[in-house]
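Please keep the sequence and the structure in view while reading.

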Amino acid sequence: MANLTPELEGWRKKIEKVAKDYGLDFFDTVFEVITYDQISQFAARGGFPVRYPHWKFGMEYEQLSKSYEYGLSKIYEMVINTDPCYAYLMEGNLLMDQKLVMAHVYGHADFFKNNIWFSKTNRKMMDVMANHAVRVRRYIDRYGYDVVENFIDKALSLENLIDRYSVYTNPSESWEQNSGSSNELKQNVNENSQGQADKAYGQGLGLLRYNKEYMRDYINPPKFVAEQKQKMADQALKKTVRYPAEPQKDVLKFLIENAPLAEWQQEILSMIREESYYFSPQGMTKTMNEGWASYWHSTIMTQKILTPDEFIDFADHHSGTVAMSPQGYNPYKVGIELMREIEERWNKGQFGREWTECDDFKEKKNWDKKLGLGREKIFEVRKIYNDVTFIDEFLTEDFAVKYKMFVYKFNKKTQKFEVNTRDFKAIKAQLLFQMTNFGQPIISVVDANFENRGELLLGHRWEGIDLQPDYLNETLKNIFSIWQRPVCLVTVMDEAEVLLRFDGEKVQSVNIKATLPTDNIAP
């Protein structure tokens, strides 16, 4: 397969068969052997060989390659959520490492295919990423590198302002419909102009169709187009007291549909949004995904694949992967240990009302009904849970004590990290909070005509943590450059409700009693 040596191909087939015998179900998986420099490049691009040109990928490549050269880190495996799955092995690794990576990859591939939170993702994202790269390069040729790069900089600062759960809560929307640009991506570059013109024509702007993009400004002068869009916007605002009628969490989608952007800017914003939705499930299931893959590479390697002379190296490398410092959080460690805990509990029948209501410590310690349901249960967990529900349901106080999952705080006097709290409820609440929305603020579009001045009003769901002023100010500036009108944000700063407004020159703060829906700002 691909460029594997005969020896590696033989082991790949054996590991694949063992994985299927255990019940794993995955897409065809293509393995390729690449150099450390190539794997650093791919990792910098989010695992993809081709992405649109941007300085951030070069910055991340420099960090990864230098880290490897100085012996600070090493990328052992990388697998892409597509159909077929693509996985990379690093040239020069020990044979044991390559076998471990292949077993780990099959665990990931099974998770990608069967976990419900990945069910809406675009399985042809390798092609989509390549299409994005081609289109951005065309825009660079047409409008200039600095112009396009500057706009991408602004778009990337907003890439997390999406509604990650919208594709699951609204059955009428597919992931592709929600991603904005995917329908256009199915057309080739030559057809794109016609598609955009048809779309605009169909929206009632009164525009004429055109076959070639260079004819656009002659057939539909920009001034006329702007006037028509403004008329439609004015009409929409007259139809409702507040637009949108309900707060919208998908800020990017709202800007794409309503901001006065050029077609190429709409397309780039749609690309960024589509890629953000693609990567979203990976963040929502990081602990589970890595725990599942680690569980299976450990099981497959120790029970079926390792030769006697490889056990020491395997133990060394595996222990390094799952090591967790007292003040840190390792998703590999927490994930694999929780999977093992679930398997043991369901094998012994340590669940249900009878188990929960038992107060006898000795009886609980020796509890074993020999049900043997553990393997079945972890396959069920793999299918329907994400990190938040996984931790919320299965992280117990006994587990936290066993693995010393306390909240630590750095003591300046002793220059050491010390236990700050052993309160399990507080520990669990903090962990769940960090996983909800990836620990990022939840922002919604509240009003596109705030105070009847065409200003954009955003609402922040305050949950006890203030927004960072530097990030806040720069984000408001970037949204202003897209909306091209003043942008306001209602939030809580220093326990006081405030409205922050950027008018193109400076950010102003005003204490207010905001008239926003109660689900946007906590009291």
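The side chains of Lys-348 and Glu-344 meet in a salt bridge, with 3.1 Å from N to O. A salt bridge here is a side-chain nitrogen of Lys or Arg within 4 Å of a carboxyl oxygen of Asp or Glu. Side chains of opposite charge can pair when their charged atoms come close.

Lys-348 and Glu-344 are four residues apart in helix α17 (residues 331-348), so about one helical turn separates them. Helices (H or I, at least four residues) are DSSP runs, numbered from the N terminus. Lys-348 is partly exposed because its relative accessibility is 26%, and Glu-344 is partly exposed because its value is 37%. The cut-offs are under 20% relative accessible area for buried, over 50% for exposed, and partly exposed in between, with a 1.4 Å probe and protein chains only.

Salt bridges that share partners also join Glu-9, Arg-12, Glu-16 and Lys-20 into one network. The search of the whole structure finds 24 salt bridges.

## Buried pairs across the chain

Asp-110 and Arg-382 form a salt bridge whose closest N and O atoms are 2.9 Å apart. This pair links distant parts of the chain, 272 residues apart: Asp-110 belongs to helix α4 (residues 95-114) and Arg-382 to helix α20 (residues 374-384). Both Asp-110 and Arg-382 are buried.

In another salt bridge, Asp-250 and Arg-273 have their closest N and O atoms 2.6 Å apart. Asp-250 lies in the loop between α12 (222-239) and α13 (251-258), and Arg-273 in helix α14 (residues 263-284), so the pair ties together parts that are 23 residues apart in sequence. Asp-250 counts as buried because its relative accessibility is 6%. Arg-273 is also buried, as its relative accessible area is 1%.

## Confidence and conventions

The model is predicted: local features need pLDDT of at least 70, side-chain atom pairs count only at pLDDT 80 or more, and totals for chains, interfaces and linings use all residues. Residues are numbered from 1 along each chain as its sequence is written, and side-chain values use heavy atoms, leaving out hydrogens and water.

The protein averages a pLDDT (the predictor's confidence in each residue, from 0 to 100) of 85, and 83% of the residues score at least 70. Over residues 174-202, pLDDT stays under 50, and the model has 61 contacts (heavy atoms within 4.5 Å) beyond four places in sequence for this stretch. Over residues 514-523, pLDDT also stays under 50, with 27 such contacts beyond four places in sequence. Where pLDDT is low, the predicted coordinates should not be read in detail.

Key. Helices (H or I, at least four residues) and strands (E, at least two) are DSSP runs, numbered from the N terminus.
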